[in-house]
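Good morning, colleagues. I shall take a few minutes to go through one model, and I ask that you keep the structure in view as I speak.

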Amino acid sequence: MSLRKLKQIAVTLFSSVLVMASNHAWADKVLNLREGVTQVSRDAYSMHMIVLWICVAIGIVVFGAMIYSMFAHRKSKGAVAASFHESHKVEVLWTVIPFIILIALAIPATKNLLALEDASNADITVKVTGYQWKWNYEYMDGDAEGVSFFSVLDKASNEARALNSGIDVTKVDNYLLDVDKPLVIPTGKKVRFLITSNDVIHAWWVPDFGFKKDAIPGYINESWARVDEPGTYRGQCTELCGKDHGFMPVVVIAKEEGEYKKWAAAKKAEASAAAAEAASDKTWSKDELMARGANVYGSSCAACHQANGEGTGPFPALKGSAIAVGPAAGHIDVVVNGSKTNPLMAAYGAQLNDLDLAAVITFERNSWGNEASIVQPKDVKAAR
Amino acid sequence: MSTAHAEHEHHGAPSGLLRWVFTTNHKDIGTLYLWFSFAMLLIGGSFAMVIRLELLQPGMQWVDPNFFNSMTTMHGLIMVFGAIMPAFVGLANWLVPMMIGAPDMALPRMNNWSFWILPFAGTMLLSTMFMEGGGPNFGWTFYAPLSTTFAPASTDFFIFAVHMLGFSSIMGSINIIATIMNMRAPGMTLMKMPLFVWTWLITAFLLIAVMPVLAGAVTMMLTDRNFGTSFFNAAGGGDPVLFQHVFWFFGHPEVYIMILPAFGIVSQIIPTFSRKKLFGYSSMVYATSSIAFLSFIVWAHHMFTVGMPVAGELFFMYATVLIAVPTGVKVFNWVATMWQGSLSFELPMKWALAFVILFTIGGFSGLMLGIAPVDFQYHDTYFVVAHFHYVLVTGALFSIIAAVYYWLPKWTGHMYSESLGNWHFWLSVIFVNITFFPQHFLGLAGMPRRVPDYNAAFADFNFMSSIGAFGFGLAQLLFLALIIKCIKGGEKATDEVWEGAEGLEWTIPSPAPYHTFAEAPEVK
C-alpha cells in the first residue's frame, strides 16, 4: 500500500466522522455538551460554546499560517529562507492579545462560578452520602423530612454487567444508568444537596444539572439545582471509588409539586411500616428469612461476595467460610460492625434494619451448601 | 600529542555485558535510559491494550472491574514514571554534554546509579500485579483513603517503588544542573545554550522542587497504612483533601516536567528543517521560565470539585488560564520560525509538526478545562482523558520520537529507513487521532473516566477509540524494527547529518565517538 492510499484512507475516515456528526439528532445526543435543565447547566453550556469557538478561531489562524507556510515555503519549490528573527513588537503583540482574550473569558466565567457556588436560600435540603457502591439520600426538611433510602444499580443492569453474563447489554433499558430507588425532587424549587461520604471519595454528578461535587469522608460539600421541567435525569459516580466505581449511577426524578407531595407521603408510610415490621417481636420462619435475605444479599452483598458466594480478588468467599458456618454471634458481629481485619467490609448495622440483617445473615448461613443456624431480628438487636 | 597518548584518550567502549553495568559514560547511560523507557512504553502500552479491549464493546467481556482498575493505575504509573520521564533523562544524558561541549556529565558515577535504580523500581512496581489481593487499583493519582485504608497489601511495594523512582529523578536532575552550570565550553554563555539544554535546566529545577513533595505524600500514606497515623483519615482527625493538595503540588509541575524538554526538542528541530533561525530565542527562554513558575501556583485546578472556597476556585482558575499566554508564545514562535523558511519534511520535522498541531489541540482543551464553571461538567470524564493524552502522547511522546529520528543518525552513524519511518509516522498520526479525538465526544456526552463498562449510547465512539488504540500500539513495533535496523546498518550518515543543523553535536563525527570534547571546543 502506498502513502497515497494511506492518505485516502485517512480522508475516508475523517469524512465518515463528519457524516456521523452531521446526523443531527444523533449529534445532539452524543457529540456535544448538553444544555441541561438548570440555569447553571445552561450557563455552563454557553460558556463551553464561547471557549470552544475562541479555540476554533485561534486554531484556524495558527494552523492556517502553519499549513500555508508548509505549502508556500517548501524547499522543494525553491523557497529560500528569509533571515529575520527576534522582534520585540511581535512578541509583545502575541502576548498582549491572548491576555485580553483571557480577561474577556474570565468575566463571564467568574459570574457563572459565583452563581454555581451560591446554595443559599434553598427550599429543600437533601443529604447525599456516597457508599461503596451506592448512594444514600436523606431528606433533611420539607414534605419528605426524615425519609432516607439507599439507591443502588437496578437489578437488570446488575445481572447483565457480570463478567460474561451472556446478556445483551444493548437490550437492557438504561444499562448502568438506572437504579432501584431514584431520588425524587419537586420542580421549581431550589434544592440544596449536602454531599458527603461514608468510606472513600465519590463524586455526585447529574450532567443535566450542570455540576458535579465530590463526596468526601469528613467533609460536607454543598451544591444546588432548580429544575423546572419534570423528568428523569441520569448521571454516574465520577470519582474512582474502588471496584464498582462504574456501577453506581445517580437517577433523579423531578416531579410537579403535587406529585412530589404524594410520593413523599407514600414514602413516609412505607418507611414507618417497614420500621414497625422490623421492630416487631415476631419470630420469622426460615423460608421467610431466606426469601427476604436473597433480595438483600443481591443488592448489598453480591457486588463483592458474588451471587455464587465464592468471592473475588480481595473479597473472601462466604461459601464454606469459617464465619458463615461458625457461631451466629461472630457472623452477626462482622456484618453489623464491619470487619476489624479487612477495611473493605463495611459496617452494615448503619445501613440495614434488624430484620434485613437477620434475613441476609440467615441467607448466607444456609446457601451454597452452607448449613448453620438461622438468625432472628431480636438476635441482631441484642448484638448491636 | 603522542600517538600512544591519543589512543589512551580515545579508547572505545569496553566489551561484554558488564560494560553496561559499570558504565559511567554519558552515551552508554543515555542508551540504557532510552532502551529502558522503550521497554516500559511497550509494557505500559500493553496495559492500555487491555483497557481498550474491555472497552471495545459495552458489557463486561474480558477482565473483572478490580483488574481493570489496576490496569488503568499501572498504565498511568508506568507511562509517566517508566516511559516518558526516563526517556527525557536519556536524551539529556546523550545530548546535554554534546550540546554544551562537555566531555561527560559532571557526576558520572552517580549517573550510573541514577539509572540502575530504575529497573529495580520498575520491576518492583510491576511485581505488585502478582501479589495477593492484586496490584494498586486506585488510579495513578492514588487518592486517599482509597489508596490507604481501602488499598490492597501490595500498596506498600508501590510506595517503595515511588520512593526509588524519586531518588533516581532527583539524582539525575542534580547531575544535569551540575553539568550545565559547570561544564559548558568556553564562550557557551547561558543565553547561547541550545533550547533543549535550557528547557532541561528548568525541568531539573522543577524535579528537585517537587519529587520530595511526592516522597512526602507517599511517606504519609505509608505511616497511615502501617503505623497508625491519620494524615488522610478523617475519622482520626486527618484530611483526605490534604492528600490531593500535596499530590497535585507535585503533580502539576510534573506535567510540565514531561512537556518542557519536549518544547526544547521541537525548538531544535523546527529551525533545522526551516533552514532559518528560531524566531525569538530569548522569548522562548522567558516563556519556559514563566510556565515553570506558573506551574507551582495552579495545582488545585485538578480539584475544582472538592469543595474549595469560591475565592480559591477563582484564584486557581485565573492562574490556570494565564498559562495559555506563555504557551501561546511558544507556538507562535514555532510558526514564525517556519514562516518564509525553506522547509523540508524529513521524519524529525514530520513528527515535530504533528507535535505542534496536536499538542496545541491538547492546549485548547486545557484552556477549556481551566474555566472552572464548565470544568464542573468536564471533570473526571473522558474529555479529560482526551486532553491529557493529546498533551502526553501527541505532545511528550511525539517529541521523544521526533528526537530519536533527529539524533539517531548521530548516535548510530547510519540513516534510518525512510520508508519504514514514513509508515510509522502516518500510521501513528492517523491511529492516535482515531483513538483520542472521539474521547472528547464521549466525555462531553457524559462518560466518566476509569469505568470498565458503559451504556450503549457510548458504544460507537468507544469502538472507534479501541480500534485506533490497537493500531497505534502495533505501529510502535515498526519503530522498534526501524531502530534495530538502523543500529545494524544503513546508509552512512554525514557528520552534519541534516543540511540546516546547527549546534556542537553536529561538529563531531557520526557515529559520535565514545569520548567527545576531551578538549573543550571554542564557542563564538
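In chain A, strand β1 (residues 124-131) is joined to strand β2 (residues 134-139) by six bridges, and the two run antiparallel. Strands here are DSSP runs of E with at least two residues, helices are runs of H or I with at least four, and both are numbered from the N terminus. Two strands are said to pair if DSSP finds at least two bridges between them. This is a predicted model: local features need pLDDT of at least 70, side-chain atom pairs count only at pLDDT 80 or more, and totals for chains, interfaces and linings use all residues. Residues are numbered from 1 along each chain as its sequence is written, while chains are lettered from A and ligands numbered from 1 in the order in which they are written.

β1(A) and β2(A) form a hairpin, with two residues between them. Thr129(A) stands opposite Asn136(A) of β2(A). Asn136(A) also has a bridge partner in β3(A), namely Phe150(A). Over four bridges, β2(A) pairs in the antiparallel sense with strand β3 (residues 148-151) of chain A, where Ser148(A) lies opposite Glu138(A).

I turn to backbone geometry. Most residues other than glycine have a negative phi, and most peptide bonds are trans. Which peptide bond is cis at Trp133(A)? The bond from Gln132(A) to Trp133(A) is, with omega near -5 degrees, and Trp133(A) is placed in the loop between β1 and β2 of chain A. In chain B, a cis peptide bond joins Ser510(B) and Pro511(B), with omega about -5 degrees; Pro511(B) is found in the segment after α17 (459-488) of chain B.

As for positive phi, Asn174(A) has a value of about 45 degrees although it is not a glycine. Asn174(A) lies in the loop between α5 (155-160) and β4 (183-186) of chain A. The loop between α5 and β4 of chain A also holds Leu176(A), whose phi is near 65 degrees. Is each of these residues buried, exposed or partly exposed? A residue is buried if 20 or more other C-beta atoms, placed from the backbone, lie within 10 Å of its own, exposed if 12 or fewer, and partly exposed in between. Asn174(A) has 17 and is therefore partly exposed, whereas Leu176(A), with 26, counts as buried.

Finally, the interface. In total, 86 residues of chain B are in contact with 88 residues of chain A, contact meaning that the C-beta atoms, placed from the backbone, lie within 7 Å. Elements giving two or more residues to the side of chain B that touches chain A include α4 (65-100), α13 (347-370) and α16 (418-445) of chain B. Which element gives the most to that side? α12(B) does, with eight residues.

Methods. Contact = placed C-beta atoms within 7 Å.
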